[in-house]
Amino acid sequence: MVHLLSSERPSLAAASTHPLRAFANWLVQLRAKRARRVALETLLEYDVHRLNDLGINRQDLFEALDTPSRRPGLTLAHRRAESSRNWLNP
């Protein structure tokens, strides 16, 4: 375990050793990943104009589905913000 010199406290929290708690955490993460994937796939059913109103396009959704580890919600939020900044200057 790594200690900080300034306070002698561990910089990383210890992992849970209780197997039931670890399994429950794994299930929660699995359900969250599935919910994100279902939400993104639902957005893929929208037509181009609706997605444009949201400030994203189909390619953004495909990228979010292909790389779920890169926080797709944050990526889509950045794309929406960029789209709204460039709204008057396409």
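Guide: Residues are numbered from 1 along each chain as its sequence is written, and side-chain values use heavy atoms, with hydrogens and water left out. In this predicted model, local features need pLDDT of at least 70 and side-chain atom pairs count only at pLDDT 80 or more, while totals for chains, interfaces and linings use all residues.

Visitor: How many salt bridges does a search of the whole structure find?

Guide: Three.

Visitor: Why is the contact of E41 and R37 called a salt bridge?

Guide: The term requires a side-chain nitrogen of Lys or Arg within 4 Å of a carboxyl oxygen of Asp or Glu. E41 and R37 meet at 3.7 Å, N to O, so the pair qualifies. The two residues are four apart in helix α1 (residues 19-44), about one helical turn. Helices here are DSSP runs of H or I, at least four residues, numbered from the N terminus.

Visitor: What makes D60 count as buried?

Guide: Buried means under 20% relative accessible area, exposed over 50%, partly exposed in between (1.4 Å probe, protein chains only). D60 has 10%, so D60 is buried.

Visitor: Which residues does R79 meet in salt bridges?

Guide: D60, at 2.4 Å, N to O. Also E63, at 3.1 Å, N to O. R79 lies in helix α4 and E63 in helix α3, so this pair ties together parts 16 residues apart in sequence. Shared partners join D60, E63 and R79 into one network.
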